[in-house]
Amino acid sequence: MERFDVVIVGAGTAGCMAAKTAAEKGLNVCLIERKKSHDIGRKICGDAIGKHHFDELGLAPPSGEELERKILGVKIFSPDEKVSFTVVGEGLHGYLINRYLFGQRLLKMALDSGATLLDSTHALEPIIENGSVVGVSAKNLASGEKMKVLGNITIDASGYTAVLRSKLPPEIGVDQKIDKSEVEACYREIRELKNEMDDSNFCQIYLNQAIAPGGYVWIFPKRDKYVNVGLGVAMKGRFPNPKQRLYANVLNQKMFENSRIVDGGAWFVPTRRPLYSMVGNGIMVIGDAACQVNPIHGGGIGPSMTGGKLAAEAAVLAHEKGNFNAETLWIYNVQYMRGYGVKQAGLDIFRILLQYCSDEDLNYAMKYKLITEGDLLKASLGAEARFNITDATMRIFRGLRRLGFLMKLREASSMMKRVRELYRNYPENPRELEKWKMQVEAIFQEAKSKLKP
């Protein structure tokens, strides 16, 4: 049995950032990871991250073999592909990275800061005593030996599977489960093309409800002739197989003729607002386990590192006070929610709008600039997107029988503004959470009612 100040389950981007930050401040940190150390960083994802995340976290940007390509922005295509928006701005300028090398860099930073790594170790469940998490029960995958790893604070950074969060009792105050309709099932491949793709300075996103219901198709340029190409679908009802859809509708296109597959795989992404509370007595939740993902494009590398850093800083403050209950750790909730959480909440309303739009609606919206490049840029940055819904526009589109869609845009804009304001005023303590949560839930129920077909 070993004891640490902080026990972190999962050595992904969130876990390694938390371990690095806490260890740098002098805490005794244990990082538990199911993979072997040399496999940490191997993960199926989109491989894209904005430059601003590195600036905000004080991290050196990717370089050398870790940097696959610099990206200037995103091109978004309408379902009929007759219209495309080129969205550029500070929040969309970034990098395509070698995910493995980046993961190894974060791991090295954590270990160099003094964290202890238990690799090839599977976390089984949280250990709970007197209503507080005091560590984890784990198993060494090489020897089969079971062990207990105790800590003043335990952090769940185990990704979508949320191995600790999913086994917490309700009284801890952290949601065990999330609705599958708020999750994307994704499949992607790394492919080498015959020729470098056009506009290789931009990521490409294709909206099409018939092909990718509730999601989208992406083609992201990597180094030389390599691309990250994939498809995601919302896990609503009997959702289609994303791999089958990718092969039937994307990889059969001309640009992929005679291309070579380098790597492929599937994964799940929680595309929604963050958990209402990410702390309980003795525990914090970060990264995908806390739903710290952009609800529109599913990017989670940047926000997960932000969550890891903020959680670690809360752990340091808790150790200074010698108190590890939810109220002491609450500062992590407040700082995350009033920062990136504001952006996520607004984008979650926008996600519901897009998922309820038909392809015909989206074609009209982009063709007639009801949704503009500026709206998409503002929405991606968490700012207010007003959409082109003036009285004159309403009169014009009444004749095109698009009035109902325009009303939905107006409603969505209003709800995005209201929910962002709620997140800017996230409660200062756990006692005020329930009232705040009911207000947020009311807005999302309104969105699902007013924006549905």
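These points describe a sheet, a pocket and a helix in a predicted model.

1. The sheet is open and is built from 7 strands, which follow one another in the order E6-E5-E13-E14-E15-E12-E16 with mixed pairing. Its edges are formed by strand E6 (84-88) and by E16, each of which pairs on one side only. On average, and with direction ignored, neighbouring strands of this sheet are turned by 20° against each other.

2. Within this sheet, E12 pairs with strand E15 (residues 226-234) in the antiparallel sense, and the pairing runs over 9 bridges. As one example of a bridge, Glu-189 has Val-229 in E15 as its partner.

3. The second largest pocket holds about 340 Å³ of space. It is lined by 16 residues, of which Asn-98, Arg-99, Arg-188, Ile-190 and Asp-263 are the closest to the pocket's centre. Strand E12 (183-192) and strand E16 (260-270) each supply at least two residues of this lining, as does helix H3 (99-112). By residue class, the lining of the second largest pocket divides into 9 charged, 5 nonpolar and 2 polar residues.

4. Turning to the helix, H11 covers residues 403-424, 22 residues in number, and reaches 32 Å from its first C-alpha to its last, which is close to the 32 Å expected at 1.5 Å a residue. The buried residues of H11 include Phe-405, Leu-406, Leu-409, Ala-412, Met-415, Met-416, Val-419, Leu-422 and Tyr-423. Lys-408 and Arg-420 of H11 are also buried, as is Ser-413.

Definitions and conventions:
Residues numbered from 1 in each chain as written. Predicted model: local features only at pLDDT ≥ 70, side-chain atom pairs only at ≥ 80, totals over all residues. Heavy atoms only, no water. Helix = DSSP H or I, 4+ residues; strand = E, 2+ residues; numbered from the N terminus. Expected span 1.5 Å × (residues − 1). Buried < 20%, exposed > 50% of the residue type's maximum accessible area, 1.4 Å probe, protein only. 1 Å grid on protein atoms, 1.4 Å probe; cavity = no way out; pocket = protein on both sides within 12 Å on 5 of 7 lines; lining within 4 Å. Points joined across faces, edges and corners; volume = space filled by probe spheres on them. Nonpolar A, V, L, I, M, F, W, Y, C, P; charged D, E, K, R; others polar. Pairing = 2+ DSSP bridges. Axes fitted to C-alpha atoms, helices over the stretch in contact; angles between N-to-C directions.
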